[in-house]
Amino acid sequence: MSTDTVLRISHGAVAFGDRAVLRDLNLTVQSGEVVAILGANGSGKSTLIRAALGLLPLRSGSVELFGRPLAKVRQWKRIGYVPQRLGAGSGVPATVREVVSAGRLARRGFLRPAGRADRAAVTEAIEAVGLGDRAGDPVSTLSGGQQQRTLIARALAGGPELLVLDEPTAGVDAASQEAFAGALRAFVDRGGTVILVAHELGPLQSVVTRAVVIHDGVIAHDGAVPRPAGHHAEPGHDHVHPHAPGDEPDIWGTR
Ligand SMILES: Nc1ncnc2c1ncn2[C@@H]1O[C@H](COP(=O)(O)OP(=O)(O)OP(=O)(O)O)[C@@H](O)[C@H]1O
């Protein structure tokens, strides 16, 4: 597998008004890595990935994607991004297949009708997340976890090299978490790179190769996935964890 640099953030700083959220942050991700961005609520995890994709401006520092400065990145189809939440209640009764097909648009161009390869990629992505039997159903009839999987399938359908996922399994049922972990594993086996934000990894733990913990605007840990610190017992712990009984959860939200 090649070890090309997929993402490099150098001395990145992001502030909202005069509030610094990220300060002098350095992060390099190589091709083939599965990096989990961890940290407490509000520590800046989403801010980090949004800045990495050019969705938020840096106050200072620089970002390179696939070896190019952000301003020179043209091939956005190399990246699949799944933001934190499906825009709920859009009122559009789109089916799973329609939503996932939207993930092919950047690749095939807006004016060209979907071809055989497009349809095959959409079907494969839907199967990969375990929604083959729901492809014709409106997404509004799906569970939250299934909707999240639909968005992941949409990102996969574009055939990206890098997947960026913001809390893909937060509040997601156990079956969806397992299906999602399987889809990610298949993506990585084919040479894909993943950066994901998480509060707990659950079934994803076996896929993740590296954990980056954000604290106080900088990287407080970069390496092996840290062991849980028993946060379930803490009163401030308010996340929903749909894991199986007897399953030992892994929590990092150091609040
Ligand atoms: N557009 C914005 N304008 C002002 N403040 C913002 C904006 N986006 C994020 N923030 C603030 O920046 C901080 C970091 O937010 P961010 O969403 O990156 O945290 P997070 O680690 O992803 O949190 P969570 O785990 O709750 O999703 C928070 O205090 C948040 O309120």
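Me: Which handedness does the β-α-β unit made by β7, helix α6 and β8 have?
Reply: This is a predicted model. In it, strand β7 covers residues 162-166 and helix α6 covers residues 174-189. β7 and β8 run parallel and are joined by five bridges. The unit that β7, α6 and β8 make is right-handed.

Me: In β8, which residue is the bridge partner of Leu 165?
Reply: β7 spans residues 162-166, and β8 spans residues 193-197. The two strands run parallel. Strands of a sheet pair through backbone hydrogen bonds, either parallel or antiparallel. The partner of Leu 165 in β8 is Leu 196.

Me: Over how many bridges do β3 and β8 pair?
Reply: β3 consists of residues 34-39, and its pairing with β8 is in the parallel sense. The number of bridges between β3 and β8 is four.

Me: How many of the five residues of β8 are buried?
Reply: In a regular strand the side chains alternate between the two faces of the sheet. On one side of β8 are Thr 193, Ile 195 and Val 197, and on the other are Val 194 and Leu 196. Both faces are covered. The count of buried residues in β8 is five.

Me: Which residue of β9 is the bridge partner of Gly 39?
Reply: β3 also runs parallel to β9, residues 210-215, with five bridges joining them. In β9, the residue paired with Gly 39 is Ile 214.

Me: Which residue in the turn of the β9 and β10 hairpin has a positive phi?
Reply: β9 pairs with β10, residues 218-223, in the antiparallel sense over five bridges. Within this pairing, Val 212 stands opposite Asp 222 of β10. Two residues lie between the strands of the hairpin, and the one with a positive phi, about 60 degrees, is Asp 216.

Me: Which strands are the edges of the open sheet with antiparallel pairing?
Reply: Four strands form this sheet, in the order β2-β1-β4-β5. An edge strand here pairs on one side only. The edges are β2 (19-30) and β5 (68-69).

Me: In β2, which residue is the bridge partner of Val 14?
Reply: β1, residues 5-16, pairs with β2 in the antiparallel sense. Eight bridges make up this pairing. The partner of Val 14 is Leu 22.

Me: Which helix gives the largest share of the shell around the ligand?
Reply: The residues around the ligand include Phe 16, Val 21, Gly 39, Lys 45, Ser 46 and Thr 47. By class, the shell has two nonpolar, seven polar and one charged residues. The largest share, three residues, comes from residues 45-52, that is, from helix α1.

Me: How many of the eight residues of α1 are buried?
Reply: The helix is mostly covered. Its buried residues are Lys 45, Thr 47, Leu 48, Ile 49, Ala 51 and Ala 52. Just after α1, Gly 54 has a positive phi of about 80 degrees. The buried count for α1 is six.

Me: Is Ala 40 buried or partly exposed?
Reply: Ala 40 sits in the loop between β3 and α1. A residue needs 20 or more C-beta neighbours within 10 Å to be buried, and one with 12 or fewer is exposed. Ala 40 has 18 such neighbours, so this residue is partly exposed.

Me: Is Arg 149 buried or exposed?
Reply: Arg 149 is part of helix α5, residues 144-157. Leaving out residues up to four places away in sequence, Arg 149 touches Val 129, Gly 130, Leu 131, Ser 176, Ala 179 and Phe 180. Because Arg 149 has 31 C-beta neighbours inside 10 Å, this residue is buried.

Me: How many residues does the largest nonpolar core have?
Reply: In soluble globular proteins, nonpolar side chains tend to be buried together. Among the residues with the most contacts inside this core are Ile 37, Ala 125 and Val 129. Ala 125 is in contact with Val 100, Ala 153, Leu 156 and Ala 157, leaving aside neighbours within four places in sequence. The number of residues in the core is 65.

Note on methods
Residues numbered from 1 in each chain as written. Predicted model: local features only at pLDDT ≥ 70, side-chain atom pairs only at ≥ 80, totals over all residues. Core = buried A, V, L, I, M, F, W, Y, C linked by C-beta atoms within 7 Å. Contact = placed C-beta atoms within 7 Å. Near = placed C-beta within 6 Å. Nonpolar A, V, L, I, M, F, W, Y, C, P; charged D, E, K, R; others polar. Pairing = 2+ DSSP bridges. Right-handed = clockwise from strand over helix to strand, strands pointing away.
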